[in-house]
Amino acid sequence: MGRLVPLTAAFVLLAVSAAPAAVARLLQPGIRVARRGFKVDETLQMQTEANAARFADFPATAKIYLPGGQPIQAGSVLRNPDLAKTYALIASKGATHGFYRGAVAGDIVETVKAPPQRQGATRTVRPGLMTAADLAAYRAVRRPPATTAYRGYRVLGMRPPSSGGTTVEEALNILEAFGAPAPTTAAELHRYLEATRLAYADRALYLGDPDFTNVPLRCLLSQSFADKRQKLIGPQAAMSPVAAGNCASPGGGRRASSDGEGPNTTHLTVADRHGTVVTYTFTIEQTGGSGMVVPGRGFLLNNELTDFDFTTGKANSPAPRKRPRSSIAPTIVTKGRRTVLALGSPGGATIVTTVLQILVDRFERGMTLPQAIADPRLSERNAPKTEAEPAFLASPAAAALMALGHQFTPVAEIGAATGIELGRHGKLQAAAEPTRRGGGSAMVVRRRRR
């Protein structure tokens, strides 16, 4: 059976790797790319232009992304020799002494405590409180996946503090409570939107870091709870916000946490011919993270704390050593002992709906994986209006849903998924976005015979 590897940040990969020699070997391609450079595409140019004012306030960032004072241009080559040296140091000393302790750790702490702004910059950048001891004490927490049964399959996803796995799986349980798939596209999408509306209400109230708040996971993922939620779905669209369901747990009097996530993140899906799968969503929060590159080290620092709801007394309120709630939803689907599908997406709070809609398209509507990834998207997150891509708004299904009371607000694009379907006899199908975010990358690599 394939394995779910629930990694949430780029350097966590280094923290959980068992063998230093393996880390060193895996870093070699990254070292080469950082040293030799890669060709900038239009999406990276656009993202840099959108953040140029922030990047310009930090000389170490501007050196990489604003050469000559201008954003990097599509077709140019972006080189990052400082990052190559950092990777080489980690390859030599290992993750612990090459990153979480030692010189790199010291430079991270110095950057956080004394943000390296350019002289004359007027941006307010608050000094942080990070210490070397904080970095040295960091550990990636290994958690078993959240799982549910669905249409004869087993779905595995991220446990809290990510809300991705539980919200996707609760919505799938609600859909399964209908029995057979809906007879029409509009009817199926109505069910999908109403199921996500309900699941997001539960997500807002109950989801947070389980080391700090009681998350009633067994209740949220039970079919009996989903059956009760499904009975609330009628022929017309509900008016948001709908109330959360009753998964009563110790520490009542909960208040729903709001969302502060941006639409950015990255996702990678990899499988080998033996069926071992890694589905990996990683993020530094918004494009460019905090905007600060660690001087001489070549990498940006994140601003992931913005995923917290900064109101006290909620499941996702901040606390020392607490991890913020995220929406990452790397997902694996198995049947018996065989992995059949792995997928994931960036997109902040829309990650959940992106992954869910692909699963609905694939298993409820009978699309192929490439068709499901390319399908125009909708994202209902217990809001009065559902976000919808222009291609969907131009479809007959949009008019049919509006007749049922659904209201839409247009957004340019939702998510940017990748996925791999594993057929029998070792057949693999890799799929990625054809156009979103400039188009994704999908390929099957075959070893050359010597």
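Biologist: Which residues do ring pairs link into a cluster here?
Modeller: Phe99, Tyr100, Tyr138 and Phe299 are linked into a cluster by ring pairs. Keep in mind that this is a predicted model. By the ring-centre rule, the count comes to 9 aromatic pairs.

Biologist: Why is the aromatic pair of Tyr100 and Tyr138 called stacked?
Modeller: Their ring centres are 5.7 Å apart, with 15° between the planes.

Biologist: What makes the pair of Phe308 and Phe310 edge-to-face?
Modeller: The angle between the planes is 80°, with 6.4 Å centre to centre. Since edge-to-face needs planes over 60 degrees apart and a pair needs centres within 6.5 Å, both conditions hold. Phe308 is buried, because its relative accessible area of 5% is under 20%. Phe310 is exposed, because its 59% is over 50%.

Biologist: How do you know that Cys219 and Cys247 form a disulfide?
Modeller: Their sulfur atoms are 1.9 Å apart, and the rule asks for a distance within 2.5 Å, so the pair qualifies. The count by this rule comes to 1 disulfide. The angle about the S-S bond is -80°, and the link is left-handed.

Biologist: What does the pair of Cys219 and Cys247 tie together?
Modeller: Cys219 lies in helix H11 (residues 217–220) and Cys247 in the loop between helix H12 (223–230) and strand S5 (266–271), so the link joins parts 28 residues apart in sequence. Cys247, at 1% relative accessibility, is under 20% and so counts as buried. Cys219 has 24%, which lies between 20% and 50%, so Cys219 is partly exposed.

Biologist: How do the axes of helix H9 and helix H13 cross?
Modeller: The axes of H9 (residues 164–176) and H13 (residues 350–364) cross at roughly 35° and come within 9 Å. H9 passes H13 in a right-handed crossing. Residues making the contact include Val168 and Leu172 of H9, and Leu356 and Leu359 of H13. The residues of this contact divide into 9 nonpolar, 2 polar and 1 charged.

Key. Residues are numbered from 1 along each chain as its sequence is written. This is a predicted model: local features need pLDDT of at least 70, side-chain atom pairs count only at pLDDT 80 or more; totals for chains, interfaces and linings use all residues. Side-chain values use heavy atoms; hydrogens and water are left out. Axes are lines fitted to C-alpha atoms, for helices over the stretch in contact, and angles run from 0 to 180 degrees between N-to-C directions. Helices (H or I, at least four residues) and strands (E, at least two) are DSSP runs, numbered from the N terminus. A crossing is left-handed if the near helix is turned anticlockwise from the far one by less than a right angle, and right-handed if clockwise. Contact means heavy atoms within 4.5 Å. Ala, Val, Leu, Ile, Met, Phe, Trp, Tyr, Cys and Pro count as nonpolar, Asp, Glu, Lys and Arg as charged, and the others, Gly among them, as polar. Buried means under 20% relative accessible area, exposed over 50%, partly exposed in between (1.4 Å probe, protein chains only). Rings of Phe, Tyr and Trp (its six-membered ring) pair if their centres lie within 6.5 Å; planes under 30 degrees apart count as stacked, over 60 as edge-to-face and the rest as tilted.
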